[in-house]
Amino acid sequence: MIRIESAPWAAMVKHAQASYPNECCGAMLGDTDGETKLVRESIALENAFEGAQAARYELRPQDLLAADKAARERKMDLIGIYHSHPDCDAYFSKTDLQNSCPWYSFVVLSIQKGEFHHANSWLPNFDQTEAAKEELSY
Amino acid sequence: MAKVLIPTPLRQFTAKQDSVTVSGATVGEVLSALTTQFPELRKQIFTDEGKLRSFVNVYLNDEDIRYLGKDATPAADADTLSLVPSIAGGAR
């Protein structure tokens, strides 16, 4: 399961709402204890997708590398990635799946008409063919 | 002996070490030595055919090895290798 503390959660929602009607993306840092993850900090990253961003996002690997370095410096772990789905539910789409990585939790925030609506966390498999829903609290 | 930074979810395969120092004259040799030392890591990084998984990027210090010499990129003692996934997506 993954639990997101109130401060990083508020920052993620604010980022997702501010990016509306485009998708946003970012990294989540915190602690892991076996299957239990606690997000203590979020880092907003630039959506680097070249093209319309209303339904697409892309992370630059070098930005993710910097987020991992930041986590190490703060004695935390890079736990997962978040992104928003403007005017869509927080499902894990085929595009999400085909461009995912099984190492991390993927939190999707549904933003409806500019306002936060709901969120889900997903754990994609190795073959990028399916993602299991992960218990999420915030 | 280059240092390889291990992403959090993969530390379960490296006896919880967040970095591992392994020998190798090139990036390919370093990764080979790493996955020989920690065989369970192999599946995480390489396909059954021995190629890097499509979502895995390897950085030598701050440079993507695809823009250097790929597997043949020389690795020196002071170098740090990072495994960085490619991540993208979208609602549709």
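**Buried faces, strands and contacts**

Analyst: Helix α1 (residues 27-37) of chain B has four residues listed as buried: B:V27, B:V30, B:L31 and B:L34. Buried means 20 or more other C-beta atoms within 10 Å of a residue's own, exposed means 12 or fewer, and partly exposed lies in between, with C-beta atoms placed from the backbone. Helices (H or I, at least four residues) and strands (E, at least two) are DSSP runs, numbered from the N terminus. This is a predicted model, where local features need pLDDT of at least 70, side-chain atom pairs count only at pLDDT 80 or more, and totals for chains, interfaces and linings use all residues. Residues are numbered from 1 along each chain as its sequence is written, and chains are lettered from A and ligands numbered from 1 in the order in which they are written.

User: Within what arc do the buried residues of α1(B) fall, seen down the axis?

Analyst: The arc is that of the directions from the helix axis to the C-beta atoms. An α-helix has 3.6 residues a turn, so residues three or four places apart point the same way. The buried residues of α1(B) line one face of the helix, because their arc is 95 degrees.

User: Which elements do the buried residues of α1(B) pack against?

Analyst: Contact here means C-beta atoms, placed from the backbone, within 7 Å. The partners of the buried residues of α1(B) all belong to chain B: β1, β2, α2 (39-45), β3 and β5.

User: Which residues form the covered face of strand β2 of chain B?

Analyst: In a regular strand the side chains alternate between the two faces of the sheet. Strand β2 (residues 19-22) of chain B has B:S19 and B:T21 on its uncovered face. Its covered face holds B:V20 and B:V22.

User: What is the strand order of the open sheet in chain A?

Analyst: Two strands pair if DSSP finds at least two bridges between them. The open sheet has 8 strands and mixed pairing. Its edge strands, each pairing on one side only, are β8 (131-134) and β9 (136-137) of chain A. The order is β8-β7-β6-β5-β2-β3-β1-β9.

User: How many bridges join β2 to β3 in chain A?

Analyst: Strand β2 (residues 25-33) and strand β3 (residues 36-45) of chain A run antiparallel. A:L29 of this pairing faces A:E41 in β3(A). The bridges number 9.

User: At what angle does helix α1 of chain A run to β3(A)?

Analyst: Axes are lines fitted to C-alpha atoms, for helices over the stretch in contact, and angles run from 0 to 180 degrees between N-to-C directions. Helix α1 (residues 6-19) of chain A lies across several strands, including β1 (2-4) and β5 (77-86). The angle to β3(A) is about 40 degrees.

User: What arc do the buried residues of α1(A) cover?

Analyst: In α1(A) the buried residues are A:P8, A:W9, A:M12, A:H15, A:A16 and A:S19. They sit on the same side of α1(A), because the arc around the axis is only 125 degrees.

User: How far apart are the end C-alpha atoms of α1(A)?

Analyst: The expected span is 1.5 Å times one less than the number of residues. For the 14 residues of α1(A) that should give 20 Å, and the model agrees: the end C-alpha atoms are 20 Å apart.

User: How many residues does chain A put into the contact with chain B?

Analyst: Chain B supplies 18 residues. The largest share of that side, 3 residues, comes from β5(B). The residues of chain B divide into 10 nonpolar, 6 polar and 2 charged (Ala, Val, Leu, Ile, Met, Phe, Trp, Tyr, Cys and Pro count as nonpolar, Asp, Glu, Lys and Arg as charged, the others, Gly among them, as polar). Chain A takes part with 27 residues.

User: Which residue of β6(B) stands opposite A:E58?

Analyst: Strand β4 (residues 57-58) of chain A and β6(B) run antiparallel, joined by 2 bridges. Opposite A:E58 stands B:A88.

User: Which residues does a cis peptide bond join in chain A?

Analyst: Most residues other than glycine have a negative phi, and most peptide bonds are trans. In the cis bond, omega is about 10 degrees. A:P21 lies in the loop between α1 and β2 of chain A. The bond joins A:Y20 and A:P21.

User: Is A:K75 buried or exposed?

Analyst: A:K75 lies in the loop between α2 (61-73) and β5 of chain A. Its phi is positive, about 60 degrees, although it is not a glycine. With 7 C-beta neighbours inside 10 Å, A:K75 is exposed.

Note on methods. Contact = placed C-beta atoms within 7 Å.
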